Amino acid sequence: LKLQFLYLIDLQILAPYPRSHDTMKHALMLLALAGCASAKDLAPTPPMGWMNWVIFRCNVDCASSNTTCINEDLFKVHTDALVSDGYLAAGYDTIHIDDCWMERTPPRDAEGKLSWDKARFPSGMPALGAYMHAKGVKFGTYTAESPTTCAGYPASSDHEDIDAKTFASWGVDYLKVDGCGPVAYYEKGYPAMGAALENSGRDIVYSCSWPAYLGSNETAKGDCYKSMIAHGCNLWRNWADIQCNWGSLHGIIEHYGKYGEYLQQFAGPGHWNDMDMLLIGNDCITENEARAQMAIWSVMASPLIMGNDLRLVPDAHKAILLNREAIAVNQDTLGKAGKRVSGDAATGQVWARTVSGGQAVALYNPTDAAADVTVDLSTVGLAGAVKVRCIWQQKDLGSFTGTFTAAQVPPHGAAFVKLTQ
């Protein structure tokens, strides 16, 4: 209830609801009595972390690939790497277990609860979560609003209450809830899981995938976004799953370029558009493409959830992931998502976001040849002399008037600057 009132008020979409002083007073009293963190408190800035799906998928053949299969060792190793390699200190604070962790036979125990695969997770999920917590890392896991997950494992439709309480008892801090089944159920299922998490006795960040199953036209999903915010979704996948190649990354960038201005209204502290996982750290994209992804994800205030093998991240990619000024853009406390200001799929593009003290701007070159990319400073609300700082080099570039040009931006790459006055 507290999330319903708090975020309906935030977005000023309480039109169907009573708006009297007494009603608002009663809502605030309920908030005070509830005692749990609000959605804003759970995800005041876009979540950051690491998730296994992009690289490790649903590899459950531990006999032949023990170091890359979905088992507790994989997540312990990545928990350790998150800490030792500086990612936790930079803000990547959650390890996410995606699909395929569940016991299949039986799909639920004698008490009707989900359980983990005993062969691959012999210590159990509570112990694995405790291992993460002891290292200062948060524990994320996965289910779906369908009878089975996308990989065919037991899921949570019509079991939201018991599953939310189960996850809370394991110490889960973040829950990704996929679709994978009849879309007609989502209108009931996602609100039901939101309410169940509210009543679970634990603060759990709630990631919803509902809109990703509603097609490509984001402007047709407005009611869905309002409902998700009202029912406690802290972030949501809007569109297609990212694949480990440039074509997929480019397609996602273009989708958000087309719909970013519309989607801005739904993003803010406690509720974020999720462009999907970072490919940075994998050999399926170049260093230039990695820079483009980091810059645009940061401008769009998308969660920064790595989808790589932390044991194999090249130094150049690691430097991008750990760039403190890029992360500062993504995590800016104003909580205002950006958009594509100019350009299209065939030309240089300008993406901009209002951040504390100025504008963060990505000058993106989607073409196959190096090209100059220019921002007209008036299009980002700036006039007169403007100071330009390169985020990649963490170096001041000087003062400019009227326009700023990033010279010879590499193909598929992006210059990334902060503009101040």
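Buried, as the word is used here, means under 20% relative accessible area, while exposed means over 50% and partly exposed covers what lies in between (1.4 Å probe, protein chains only). Helices (H or I, at least four residues) and strands (E, at least two) are DSSP runs, numbered from the N terminus. The structure is a predicted model, in which local features need pLDDT of at least 70 and side-chain atom pairs count only at pLDDT 80 or more, whereas totals for chains, interfaces and linings use all residues. Residues are numbered from 1 along each chain as its sequence is written, and side-chain values use heavy atoms, with hydrogens and water left out.

In helix 7, which runs over residues 125-134, the residues M125, L128, G129 and M132 are buried. These residues lie on the same side of helix 7, because they cover an arc of only 100° around the axis, the arc being that of the directions from the helix axis to the C-beta atoms. The cover over the buried residues of helix 7 includes helix 5 (72-84), strand 2, strand 3 and helix 8. Just after helix 7 comes G136, which takes a positive phi of about 85°.

## H96 in strand 2

Strand 2 (residues 94-96) contains H96, a buried residue with a relative accessible area of 1%. Contact is taken to mean heavy atoms within 4.5 Å. When neighbours within four places in sequence are left aside, H96 is in contact with G49, W50, M51, N52, F75, G140, Y174 and I305.

## Disulfides

A disulfide is a covalent bond between the sulfur atoms of two cysteines. With the bonded cysteines of the protein numbered in sequence order, the pairing is 1-4, 2-3, 5-6, 7-8, 9-10. One of the disulfides is formed by C62 and C69, whose sulfur atoms are 2.0 Å apart; the link is right-handed, with 100° about the S-S bond, and both cysteines are buried.

Another disulfide joins C150 to C180, with 1.9 Å from S to S. Since C150 lies in the loop between strand 3 (138-144) and helix 8 (160-170), and C180 in the loop between strand 4 (174-178) and helix 9 (186-198), the pair ties together parts that are 30 residues apart in sequence. The torsion about the S-S bond of C150 and C180 is about -85°, so this disulfide is left-handed. C150 counts as partly exposed at 47% relative accessibility, and C180 counts as partly exposed at 24%.

C208 and C233 also form a disulfide, with their sulfur atoms 2.0 Å apart. This pair links distant parts of the chain, 25 residues apart, with C208 in strand 5 and C233 in the loop between helix 10 and strand 6 (235-237). The link of C208 and C233 is left-handed, with -90° about the S-S bond. C208 is buried at a relative accessible area of 0%, and C233 is buried at 2%. The sulfur of C224 has its closest cysteine sulfur in C233, but the separation of 8.0 Å is too far for a bond; C224 is buried, with a relative accessible area of 7%.

## Salt bridges

A salt bridge is defined as a side-chain nitrogen of Lys or Arg within 4 Å of a carboxyl oxygen of Asp or Glu, and a search of the whole structure finds 19 salt bridges. Among them is the one in which the side chains of K113 and E111 meet at 3.2 Å, N to O. K113 is partly exposed, with a relative accessible area of 31%, whereas E111 is exposed, with 55%.

D158 forms a salt bridge with K188, the closest N and O atoms being 3.3 Å apart. Because D158 lies in the loop between strand 3 and helix 8 and K188 in helix 9, the pair ties together parts that are 30 residues apart in sequence. A further salt bridge is formed by K339 with E261, where the closest N and O atoms are 3.3 Å apart. This pair links distant parts of the chain, 78 residues apart, with K339 in strand 9 (residues 339-342) and E261 in helix 11 (residues 246-263). R237, D241 and D276 are linked in a network of salt bridges.

Technical notes
Disulfide = S-S within 2.5 Å.
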